[in-house]
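Trainee: Could we go through this structure together? I would like to begin with the charged pairs.
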Amino acid sequence: MASRDRRRTREPDAILRIRDLHVYYGQSHAVQGVKLTLRQGIHAVVGRNGMGKTTLCKAILGLVPTASGSIRFNGEELRGLTPNQIANMGVGYVPQGRRLWPSLSVDEHLRLCARGGKRATWTPERIYELFPRLAERRTNLGGQLSGGEQQMLAISRALLGNPHLLVMDEPTEGLAPVIVAQVEDMLLQLGEEEDIAVLLIEQNIGVATTVSDDVAIMVNGRINRVLEAAILAADRDLQQRLLGVGRHGDEAEIEPDLEEEEEFEDEPEGSVSPARLARLRRSRQTGPKTQVRDGQVVYISNPRTPTRWSKPATHDEIMSASSGVVEDPALRDLPETLRTGPTPMSQVGGDEVLVVGTFDTKGRELKFIRDRIAQFGVKTKLVDLSTSGKPSGADVPPNQVAAYHKRGPNGVFTGDRGESVREMAIAFENWIVRQRGIGGIISAGGSGGTALVTPGMRRLPLGIPKVMISTVASGNVQQYVGPSDIMMMYSVTDIQGLNRISRKVLANGAAAVAGMAIEASRQAEEQRKTRYRDDDGLPAIGLTMFGVTTPCVQQVTAGLEDRFDCLVFHATGVGGQSMESLVDNGLLSGVLDLTTTEVCDLLVGGMFPATEDRFGAIIRSRIPYVGSCGALDMVNFGARDTVPAQFADRNLYEHNPQITLMRTTPEENDQIGRWIGERLNRMDGPVRFFIPEGGVSMLDAAGMAFHDPDADKALFDALKETVRVTGKRQLISLPFNINDPQFSSAVIAAFLSIMGRQADRRKRARR
């Protein structure tokens, strides 16, 4: 009964809830008891051809009759409704194959499909802002567009119906890799729209795991399981078993027993915990259907690869097909030494170090680095980013990287050196985020080479070794490193030829990245082993702190450190970026953003500014967020004589000889409050934002240098007027200074309440 009550309370959160859905084509059972829940964001369904994915789409839209089951959209039953009724309720559809009108122009498509009225949040003008390429091609006919442009138009046509749920069937089918990358970007943009959820049907696992939070795997008309996208992306063996060529219907028969279901009843529906995943993996390895013998797999299967049209195989056919030994395709391509044990590098990080640079000018030096890395037994791959057009002997030549530019190679090789280098950097970023198995990256170059490679390095997750040997590494390298973990090495001499100095420096860099790659491999393998035992330790959370909010953060950390691994970030511009980078990489479970002072420097012009994307990772990830107004009373400058002349008569405070603080005014605080409030409104996860009415820092307490009730009131009023309070998003005003113990206690209680019971369960398990 308690389990039923929990599901009933979750029901309003689900925009789409499918239960026990069955669809037949004559005698063929195409969809077999599908159970699926979509609450928000992008949810992907992957599977091979013939598994029932398109039939599932059509069933949702009312395009095929359903035999039984339930399809609820925002709590309302769709079964029995006509397609136009379903569309009018707010369900959009992007069909497989796009199905445009070839004789209508882009603009005619959009004007024809546009809906007026008060609900019309999507208009042709907004479409042109989202997809500038369509604006450029507005007079072209549908049949004159490229595949990627046609897909943009098909998506736009569906958006103009102002849907709350968008069902997309195979949007990357038949597209070139560079166009697939553009469609990926489109999907990521749609995922940021707070009023649209997307059900993505896709065969391309790379696309599905990049754009969605979780992925459902469909096998033989059933949802085999639902996994976090990161887990599926990292587990190549699981991909091969469920989606690779040569696997058959026996994989769909894995169901947890009753005891297992009860043990995990507290988990959200549709999720699979690491512990359950381990159990399912073990059941596959030890059960009667699969046996491993000397790197080969013996299994009983249908004699023919099943599709939705398959008829049941007879007993004799099955026994005949299972009498031989079939080689496992997943093991066929592995070196013999790896067939009996785990690979030396984790599936997440990989085992290959990229040696990247401009081989037309630095080829000798980069190959020297390659050879030194190889001496440690680490595999390498040469990636050439040259723009001169000279022949390349690298493993990945320049034209292959340039193909990932949004305009293809022509967008990179323009004939203008400066422009070509700038565009190649963009292409390299697009290329590297779509690679798998990277165990590390190293490069060597001058200022141009450093600027060319480091943006791509920054796109790699935290923990993947990154070494940049550079002539500019002894100066200010913030623009190259940013919030990432790039290691900068000063080259001492120019990267021009090999000599007694450059050989030592380059060899040290090679040894560094090789050693880090080997250690990262060891850690990743250990993590892989422990992940499925669900004993990773404490979940990590991020906290922001400044000197004037230190007591608050120390009190909060003391109250949470037995439940969480507390990572504190100094709010100096790059500190906030670093924290949000970890959020984007899925390494933080929640955020206590108590010190948002970087916004002051961004809007007023201080030396520790946030970027315009401050809070962006929280918006994208929807993780639990507790924030406050910490140090919004100050703007940071350098020594007293560096304060701009226009601020000479302001309330200034010399924090130390190198840092001067300036009190924010009521007008500035009004702007700051509205800026933050607008971004809080875009957060779809649980949000609690605290207003400390007794002051936002040590200096803002009664009797201190920055105590200014009028300025604080302007900040607090702006937040209250801007933030749209909902059940998930709340403003909480307290009559305390931010550093008072009562304030910290309230913050701790709020954070624990939105993190749920998981933290308490972990705490009890560690006692």
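Trainee: Is E170 buried or exposed?
Mentor: E170 counts as buried, at 5% relative accessibility. Buried means under 20% relative accessible area, exposed over 50%, and partly exposed in between, with a 1.4 Å probe and protein chains only.
Trainee: What does the side chain of E170 meet?
Mentor: The side chain of E170 meets that of K53 in a salt bridge, at 3.8 Å from N to O. The two residues sit in distant parts of the chain, 117 residues apart: E170 is in the loop between strand 7 (165-169) and helix 8 (177-191), and K53 is in helix 2 (residues 53-61). K53 is buried too, with a relative accessible area of 4%.
Trainee: Which rules apply to these terms and to the model?
Mentor: A salt bridge is a side-chain nitrogen of Lys or Arg within 4 Å of a carboxyl oxygen of Asp or Glu. Helices (H or I, at least four residues) and strands (E, at least two) are DSSP runs, numbered from the N terminus. This is a predicted model, in which local features need pLDDT of at least 70 and side-chain atom pairs count only at pLDDT 80 or more, while totals for chains, interfaces and linings use all residues. Residues are numbered from 1 along each chain as its sequence is written, and side-chain values use heavy atoms, with hydrogens and water left out.
Trainee: How many salt bridges does that rule give?
Mentor: The count comes to 25 salt bridges.
Trainee: Which residue forms a salt bridge with R614?
Mentor: E580 does, at 3.0 Å from N to O. R614 lies in the loop between helix 24 (598-604) and helix 25 (616-621) and E580 lies in helix 23 (residues 574-584), so the bridge ties together parts that are 34 residues apart in sequence. R614 is buried at 4% relative accessibility, and E580 is buried at 6%.
Trainee: Which residues are linked with them in a network?
Mentor: The network of salt bridges links E580, D593, E598 and R614.
Trainee: And what about R620?
Mentor: R620 forms a salt bridge with D584, with the closest N and O atoms 2.9 Å apart. Because R620 lies in helix 25 and D584 in helix 23, this pair ties together parts that are 36 residues apart in sequence. R620 is partly exposed, with a relative accessible area of 30%, and D584 is partly exposed at 42%.
Trainee: Changing topic, at what angle do helix 4 and helix 7 cross?
Mentor: The axes of helix 4 (residues 106-113) and helix 7 (residues 147-159) cross at roughly 20° and come within 9 Å. Axes are lines fitted to C-alpha atoms, for helices over the stretch in contact, and angles run from 0 to 180 degrees between N-to-C directions.
Trainee: Which residues meet there?
Mentor: V106, H109, L110 and C113 in helix 4 meet L153, S156 and R157 in helix 7; contact means heavy atoms within 4.5 Å.
Trainee: One last topic: where is N636 found?
Mentor: N636 is in strand 22 (residues 634-637) and is buried, with a relative accessible area of 1%. Leaving aside residues up to four places away in sequence, N636 touches several residues, including F546, T597, D601 and I659.
Trainee: Is H43 buried or exposed?
Mentor: H43 is buried, at 3% relative accessible area, and is found in strand 3 (residues 42-46).
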